Amino acid sequence: MSETSPKLRAELEGIPTYKPGKAAAAGGPVAYKLSSNENPYPPLPGVMESAVAAAGSFNRYPDMACTGLMNELAERFAVPVTHLATGTGSVGVAQQLLQATSGPGDEVIYAWRSFEAYPIITQISGAKAVEVPLTSGEVHDLDAMADAITDRTRLIFVCNPNNPTGTVVRRAELERFLDRVPSDVLVVLDEAYREFIRDAEVPDGVQIYRDRPNVAVLRTFSKAYGLAGLRVGFAIAHEPVAAALRKTAVPFGVSQLAQDAAVASLRAEDELLGRVGSLVCERNRVVEALRAQGWTVPETHANFVWLRLGERTADFAAACEQAGVVVRPFAGEGMRATIAETEANDVFLNTAAAFRKEL
Ligand SMILES: Cc1ncc(COP(=O)(O)O)c(C=O)c1O
């Protein structure tokens, strides 16, 4: 028998593995998971009932076209169904966008640090990642990103608000940037945290996409809608891009549970958005308290806060864990903490205060 292993694509070598946010320790002190930007609220009653009802037909494949969800989204966003595509979370849709646009020899631009799936899915596609550092204010440097465009550029991610910094780009600067992008380069506005924005100057990507055929908007049910475990996200894009997304989708990838729960969530939107409003109040409280403690906190428009701790990142994360909250450290850079239940936020704030005093 031959000792050689099957030939695997060279592009897979050295791909950073996606690090899921660490789970809260079972059986430890009160442990809260602030490491994955999840929604702390349980599903709304109608949502649970829809999902449970769908569970009764596990033996069947789901509706591959996601008809009910697509119709609901089309109405909700006033877009044609042909401009919609769903996927297994918005990260699944992002990967489909890469499959549809980019391969070896191509370039993909994104800000860095940003969502940690971008380098992974770019490398899997075989395209070259072009990472453009955030400004000193932790914001996308759109001028530098436009300068980085070459005739090999196929796709550009703009993460708004940016994960993990929570910072945003506003309408005028985004429009100026888009005017500089050639019309055959796809710009993906990743708006996973859109519902947490309260600044009227931050544009709604769905308005931007309408008269820009090279813009696609990514949204998810994982964050504000609280369905992270069901894996459903979607893109709004013009016909050729949306059609390419349907071609690259894993057949039957979005379960019937996810489809029905997503529809029920859209119908329970008032209540859901009330919860989002409470999280935004908590976010403002946490940011103010951290600043009062003396921390520099970039203005966050999402359901998390970012502290650039540099070499102290690991110690800070360890102190949080000991206190009963798990945050997301990025070694040597900083940490991101999700805004969660008031008690969890208080534990986080008390830990940050104690850490600050020891500096
Ligand atoms: C910016 C951004 N985009 C996309 C996602 C993917 O979310 P999902 O695949 O659950 O829709 C995340 C999740 O953390 C994110 O932070």
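The lining of the second largest pocket divides into ten nonpolar, ten polar and two charged residues. Here Ala, Val, Leu, Ile, Met, Phe, Trp, Tyr, Cys and Pro count as nonpolar, Asp, Glu, Lys and Arg as charged, and the others, Gly among them, as polar.

This is a predicted model, where local features need pLDDT of at least 70, side-chain atom pairs count only at pLDDT 80 or more, and totals for chains, interfaces and linings use all residues. Residues are numbered from 1 along each chain as its sequence is written, and side-chain values use heavy atoms, without hydrogens or water.

The second largest pocket has a volume of about 320 Å³. A pocket is an open set of points on a 1 Å grid over the protein atoms alone, where a 1.4 Å probe fits and protein lies on both sides within 12 Å along at least five of seven lines; lining residues have an atom within 4 Å of a point. Volume is the space filled by probe spheres set on the points, which are joined across faces, edges and corners. Of the 22 lining residues, T86, G87, Q96, A249 and V250 are closest to the centre of this second largest pocket. α3 gives the most to its lining, four residues. Helices (H or I, at least four residues) and strands (E, at least two) are DSSP runs, numbered from the N terminus.

Now the largest pocket. Its volume is about 570 Å³. Among its 33 lining residues, Y18, S36, F115, K223 and R231 are closest to the centre. α4 supplies the largest share of this lining, four residues. The lining of the largest pocket holds 14 nonpolar, ten polar and nine charged residues.
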